[in-house]
Amino acid sequence: MRLAISLASRGRGRVEPNPMVGCVLVQDDRLIGEGWHREFGGDHAEIDALNDCKEPTQGATAYVTLEPCCHQGKTPPCTDALIQAGVRRVLIAQSDPFEKVAGKGIAALQQAGIETQTGLLEEEAGYLTAPYRYRIRHRLPWVIAKWAMTLDGRIATRTGDSQWISNETSRIKVHEIRSQVDGIMVGINTALADDPLLTPRPAGIRHPTRIVVDSTARLPLDSKLVHSTDEFPCLVAVGPEAERQRYEKLESRGCQIWQGGSVQPNERLKQLLAELSERGMTNILVEGGGRLLGSLFDGGLVCEAHVFIAPKVVGGSGAISPIGGIGIDQLVDSIGFSETHIDDLGGDIHFRGRLTR
């Protein structure tokens, strides 16, 4: 099963909105086939593993990181393939919360006389599928907050200067993360201050949608985000107060416009995330600024954080912090993290972790 989990991870950034899944086939304690879901629309892990087999699969045991599907989607049901292959036993790490599966895949195997067992290395497998399961259950994307800051917790000096806090190794890592997500989001103030392109460089596995939270449609028509819409999609999320003339100009330059109905910015932000989920986006990387990150943290909408800490001190009471918003009153209510990792990136520290809930 650990091999199957390792294989599943190879699909990161390629299979979404589907989950990462791996499968291993064993005959008499010998590995006879292995596979994983390689790309969205392609063969599922079970089919890939069966195709990898060079000998008969009758009586084999399958180790699968997620409950096999039992419905016709872009590919045929994996339960049918396992049954037809004569597999005797299927060990499953975790059930699938998707309503068209959700226990039905296991039931289909059992009805065919196949022995099943669920829960083997469930937690390890669940780490990979957490964004998928979160989107299915909450109808919201997995939000990844990212910021770079100095040792004294600043993302810019009191004058607003912020390039560059992190080193080149850290910036390469950020581009790697960008290449694995469905969308990259910033607030309008960050877009105005930095005029970012918000693309993975070099071009990665996918072309994430650039998303600007811009209540009054202030994004300049000569910005890099607008100029590059022919190559990379850009969505501008405006509020009900936005002037039609302003956002129609953006639309005429190739931007997608989403207009939220709520007059409350935080409620509108949640509506935006629900819309992104409906569009099939699983992972959204939020790169700032502090006001947007603060709203997301205040709303309990952040799932994971990547923080790049540079060995520098800025100082100054007017220097800018990474997270705004309301925050908390008591330290006992502070946000905690689990499954944390710390890496040295050429002197910078890269912290990543998932929020405890």
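In this predicted model, the largest nonpolar core takes in 60 residues, and the members that touch the most others are Trp147, Met185, Leu219, Leu272, Leu276 and Leu296. Strand E6 (residues 142–150) is the top contributor to this core, giving 7 residues. Looking beyond its neighbours within four places in sequence, tryptophan 147 is in contact with a whole list of residues, including Ile155, Leu293, Phe297, Val307, Phe308 and Ile323. Another core, of 26 residues, lies apart from the largest one, and Val21, Cys23, Cys78 and Val90 are among its members.

Next comes the sheet. Five strands make up an open sheet with mixed pairing, in the order E2-E1-E3-E4-E5. From one strand to the next, the twist averages 15 degrees. Strand E3 (residues 61–64) pairs with strand E4 (residues 89–92) in the parallel sense, over 4 bridges, and tyrosine 63 sits opposite leucine 91 in E4.

Helices lie across these strands too. Helix H2 (residues 45–52) lies across E1 (22–27), E2 and E3, and runs at about 135 degrees to E2. Helix H4 (residues 104–111), for its part, lies across E4 and E5, at about 150 degrees to E5.

As for disulfides, a search of the whole structure turns up 0. Cysteine 69 has its closest cysteine sulfur in cysteine 78, but at 3.6 Å that is too far for a bond, because a disulfide needs the sulfur atoms within 2.5 Å. Cysteine 70 is in no disulfide either, with the nearest cysteine sulfur, that of cysteine 69, 7.0 Å away. Cysteine 69 counts as buried at 8% relative accessibility, while cysteine 70, at 23%, counts as partly exposed.

Notes: Residues are numbered from 1 along each chain as its sequence is written. This is a predicted model: local features need pLDDT of at least 70, side-chain atom pairs count only at pLDDT 80 or more; totals for chains, interfaces and linings use all residues. Side-chain values use heavy atoms; hydrogens and water are left out. Buried means under 20% relative accessible area, exposed over 50%, partly exposed in between (1.4 Å probe, protein chains only). A nonpolar core is a set of buried Ala, Val, Leu, Ile, Met, Phe, Trp, Tyr and Cys residues joined through side-chain atoms within 4.5 Å. Helices (H or I, at least four residues) and strands (E, at least two) are DSSP runs, numbered from the N terminus. Contact means heavy atoms within 4.5 Å. Two strands pair if DSSP finds at least two bridges between them. Axes are lines fitted to C-alpha atoms, for helices over the stretch in contact, and angles run from 0 to 180 degrees between N-to-C directions.
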